[in-house]
Amino acid sequence: MHAGKQLSTEIDATVPTAARMYDYYLGGKDNYSADRAAVEELDKVVPSTRRLALNNRRFLQRVVRVLTQKYGIRQYLDHGSGLPTQENVHQVAQRIDPTTHVVYVDNDPMVLVHGRALLEQDERTVVIQADMRETDEIFGHAETQRLIDFSQPVCVLFNSVFHCIPDSDTDGPLAVARRVRERLAPGSFLVMCQLVSEDAEVRKSVTEFMDQVTQGHWGRVRQESDVESYFEGLEILEPGLVEVSTWRPDTEVAPRQLTQEWIEFGGVGRIPL
């Protein structure tokens, strides 16, 4: 199990974070010059990243809409949620059913500050600061307990975050996915995707770059087979595990990921009834 540690509440503007870099890619304003400089350097290594970030965000929105509308999910636990942007999980879900409960989890103190400001008037949505590997802490948190009934189906999101944590037998992505799954009721869903590449040079260069700029707060770019292992024992919703811009696109002309240097790969799995 990942050893519990006190998370910093100080915002360091000099060290880029994945959350703030993602915010910049999405056109947000909650980022610093260090994050923007890191994005510019990353674009030299993998030029398709902005399109990839936008497509991943659209995937998240489609998933929440489908699970709320078609599968009756009214509880979401979003790990590594990142900075609030347009069309967040609670906005997409609560447009369909205003009673939907959402708990956002992130270890970035800036996410906590901005999230709490955004959600001040919303009793059904909260943001908590925790490391996504701290399953006991997250599930036992007073706000999680207040909003999520784990005896009922819930959707747990790990959307574009597993590449941020290193491999480990106790708190790598596979271990975290299994630990979370054990706590969920039948009919619950796990949404999991991460950055993958079948090109060994891309995996190596991006992993080294991100590890350097985030000062070790990074895992690695993996392969599709790694992501497939996260879904063992789950019923995978159609169209299966895919490059995410092809997961139930809204229209045939929806934006697609055209370059394959690296992609966001994953899908949606359900705990069997």
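User: Where is Leu 119 found?

Analyst: The model is a predicted one. In it, Leu 119 is in contact with His 90, Tyr 104, Thr 125, Val 126 and Val 127, leaving aside its neighbours within four places in sequence. The C-alpha atoms of Leu 119 and Pro 84 are separated by 9.9 Å, although the two are 35 residues apart along the chain. As for its own place, Leu 119 is in the loop between α5 and β3.

User: Is Leu 119 buried or exposed?

Analyst: A residue counts as buried when its relative accessible area is under 20%. Leu 119 has a relative accessible area of 6%, so Leu 119 is buried.

User: Which residues have the most contacts inside the largest nonpolar core?

Analyst: The largest nonpolar core has 33 residues. The elements that give two or more residues to this core are β2 (101-106), β3 (125-129), α6 (135-140), β4 (155-159), α8 (173-182), β5 (189-196), α10 (224-230) and β8 (263-270). Apart from it lies another core, of 30 residues, among them Val 63, Leu 83, Val 242 and Val 244. Inside the largest core, the residues with the most contacts are Phe 158, Leu 184 and Met 192.

User: Which residues does Phe 158 touch, not counting those up to four places away in sequence?

Analyst: Phe 158 is one of the residues with the most contacts inside the largest nonpolar core. With residues up to four places away in sequence left out, Phe 158 touches His 79, Met 132, Val 176, Val 180, Leu 190, Val 191, Met 192 and Cys 193.

User: How many disulfides does a search of the whole structure find?

Analyst: A disulfide needs two cysteine sulfur atoms within 2.5 Å. The cysteine sulfur closest to that of Cys 164 is in Cys 193, and because the distance is 11 Å, it is too far for a bond. Cys 193 is likewise in no disulfide. Across the whole structure, the number of disulfides found is zero.

User: Which element gives the most to the lining of the largest cavity?

Analyst: The search finds four cavities of 30 Å³ or more, and the largest cavity has a volume of about 110 Å³. The largest cavity is lined by 16 residues, of which Ser 81, Gly 82, Pro 84, Asn 88 and Tyr 104 lie nearest its centre. α3 (49-71), α4 (89-96) and α5 (109-118) each supply at least two residues of the lining. With three residues, the element that gives the most is α5.

User: How many nonpolar, polar and charged residues does the lining of the largest cavity have?

Analyst: The lining of the largest cavity consists of 16 residues. By class, the lining has nine nonpolar, five polar and two charged residues.

User: Is Arg 222 buried or exposed?

Analyst: Arg 222 has its place in the loop between α9 (200-213) and α10. Leaving aside neighbours within four places in sequence, its contacts include Phe 162, His 163, Asp 167, Gln 194, Arg 203 and Tyr 230. Because its relative accessible area is 1%, Arg 222 is buried.

User: What is the phi of Gln 215?

Analyst: Most residues other than glycine have a negative phi. Gln 215 is found in the loop between α9 and α10, and Gln 215 is exposed, with a relative accessible area of 58%. Its phi is positive, near 55°.

Note on methods: Residues numbered from 1 in each chain as written. Predicted model: local features only at pLDDT ≥ 70, side-chain atom pairs only at ≥ 80, totals over all residues. Heavy atoms only, no water. Core = buried A, V, L, I, M, F, W, Y, C linked by side-chain atoms within 4.5 Å. Buried < 20%, exposed > 50% of the residue type's maximum accessible area, 1.4 Å probe, protein only. Helix = DSSP H or I, 4+ residues; strand = E, 2+ residues; numbered from the N terminus. Contact = heavy atoms within 4.5 Å. 1 Å grid on protein atoms, 1.4 Å probe; cavity = no way out; pocket = protein on both sides within 12 Å on 5 of 7 lines; lining within 4 Å. Points joined across faces, edges and corners; volume = space filled by probe spheres on them. Nonpolar A, V, L, I, M, F, W, Y, C, P; charged D, E, K, R; others polar.
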